[in-house]
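Please walk through the following model with attention to how its chains are related and how some of its side chains pack.

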Protein chains: 2
Amino acid sequence: MAAEELVGQLAPDPALSPAEQLRSGIETFVAYVAHHPAMYLAVVRFSKSGNDLGTLHRTVRSTLGEWLLTGLAGAGMPMTPAVTLSVSGWLAFMEETVLSWLDQPQMTRVELVGLCERAVYQLLAGALDDPQQWQEIRTAIERRP
Amino acid sequence: MAAEELVGQLAPDPALSPAEQLRSGIETFVAYVAHHPAMYLAVVRFSKSGNDLGTLHRTVRSTLGEWLLTGLAGAGMPMTPAVTLSVSGWLAFMEETVLSWLDQPQMTRVELVGLCERAVYQLLAGALDDPQQWQEIRTAIERRP
């Protein structure tokens with residue numbers, strides 16, 4: 001199924017830094033949606049909790065969330081409730097902005113990727129609430145293994 | 001209907017500053033959801049595009065989004081595609097964090113409100129991409145009419 005293919009494409013490359021994995025994941029996600037808009041709209045808009053599309057939608061989201069949290073934990077990010085909630089919230093933010101952009105593409109795909117990328121760092125910085133600690137983690141996120 | 005009651009409760013008080021309206025709106029939204037979790041879960045999780053719950057869900061979201069954009073425009077925020085997308089994305093962020101919090105309430109309601117409030121300002125600052133302009137708008141947002 002096409003959305004399982006998406007999860008496969010989104011699997012993080014362990015040779016990259018968490019920041020590169022994240023950027024690449026956002027690019028792949030947006031490119032996939034841009035090429036399969038009907039598929040994506042069906043999954044998000046027509047999914048209900050009880051049906052297969054709903055299960056698929058939640059699987060994609062939770063898989064992405066776990067990869068992101070794993071990368072962040074590896075960079076020293078504390079796994080507080082504020083951080084895990086912010087990651088869930090950011091995934092919803094990205095889905096919604098991509099859906100709105102499909103309806104009204106008022107910026108380029110590169111600009112949309114940049115907006116989603118800036119958003120995740122802003123939300124994480126705010127979830128941490130200690131600018132000094134965030135600077136250290138931000139540096140670690142850029143480091144390749 | 002209960003969700004129309006919510007929209008009524010969320011109507012901004014014109015005597016307040018945009019920042020106070022926003023804070024009050026988040027508090028009302030989170031308090032409402034905490035008191036009517038089954039109703040809220042039904043609206044969000046079981047809504048499909050074609051049915052009444054889906055229409056209701058989109059109406060609540062777009063009403064909130066319009067009020068927020070009106071307050072921001074009044075404070076001098078430019079209505080760029082990045083700003084309007086960020087507002088849509090933030091509403092999805094808030095819905096998702098409130099849903100996750102209902103499932104696993106690992107922070108207080110006041111902390112959740114604070115997380116959502118910080119998130120909207122961080123996302124708006126990033127959508128603007130000019131720290132100096134953002135400082136001026138942030139000051140205007142605090143100003144009562």
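Predicted model: local features only at pLDDT ≥ 70, side-chain atom pairs only at ≥ 80, totals over all residues.

Residues are numbered from 1 along each chain as its sequence is written, chains are lettered from A and ligands numbered from 1 in the order in which they are written, and side-chain values use heavy atoms, with hydrogens and water left out.

Two copies of a chain are related by a rotation about an axis and a shift along it.

Next come the aromatic side chains. Rings of Phe, Tyr and Trp (its six-membered ring) pair if their centres lie within 6.5 Å, and planes under 30 degrees apart count as stacked, over 60 as edge-to-face and the rest as tilted. By this rule there are 4 aromatic pairs over all chains. One of them joins A:Phe29 and A:Tyr40 in an edge-to-face arrangement, 5.6 Å centre to centre with 90 degrees between the planes. A:Phe29 belongs to helix H2 (residues 18-35) of chain A and A:Tyr40 to helix H3 (residues 37-45) of chain A, 11 residues apart. Helices are DSSP runs of H or I with at least four residues, numbered from the N terminus. A:Phe29 is buried at a relative accessible area of 3%, and A:Tyr40 is buried at 6%; buried means under 20% relative accessible area, exposed over 50% and partly exposed in between, with a 1.4 Å probe and protein chains only. In chain B, B:Phe29 and B:Tyr40 also form an edge-to-face pair, with 5.6 Å between centres and 90 degrees between the planes. B:Phe29 and B:Tyr40 are both buried.

A charge can also sit over a ring, which requires NZ of Lys or CZ of Arg within 6 Å of the ring centre and within 35 degrees of the ring normal. The charged end of A:Arg138 sits over the ring of A:Tyr121, 3.7 Å from its centre, and B:Arg138 lies over the face of B:Tyr121 at 3.7 Å from the ring centre.

Now consider helix H7 (residues 131-141) of chain B, where B:Trp134, B:Ile137, B:Ala140 and B:Ile141 are buried. Seen down the axis of H7(B), the buried residues fall within an arc of 120 degrees, so they line one face of the helix; the arc is taken over directions from the helix axis to the C-beta atoms. On the other side of H7(B), B:Pro131 and B:Gln132 are exposed. B:Asp130 caps the N-terminal end of H7(B), with a side-chain oxygen 3.1 Å from the backbone nitrogen of B:Gln132.

Finally, A:Ala15 lies in the loop between helix H1 (2-10) and H2 of chain A, and at 48% relative accessibility A:Ala15 counts as partly exposed. Leaving aside neighbours within four places in sequence, A:Ala15 is in contact with A:Arg144 and A:Pro145.

Key. Helix = DSSP H or I, 4+ residues; strand = E, 2+ residues; numbered from the N terminus. Polar contact = N/O pair within 3.5 Å; in protein donor to acceptor, adjacent residues only side chain to side chain. Contact = heavy atoms within 4.5 Å.
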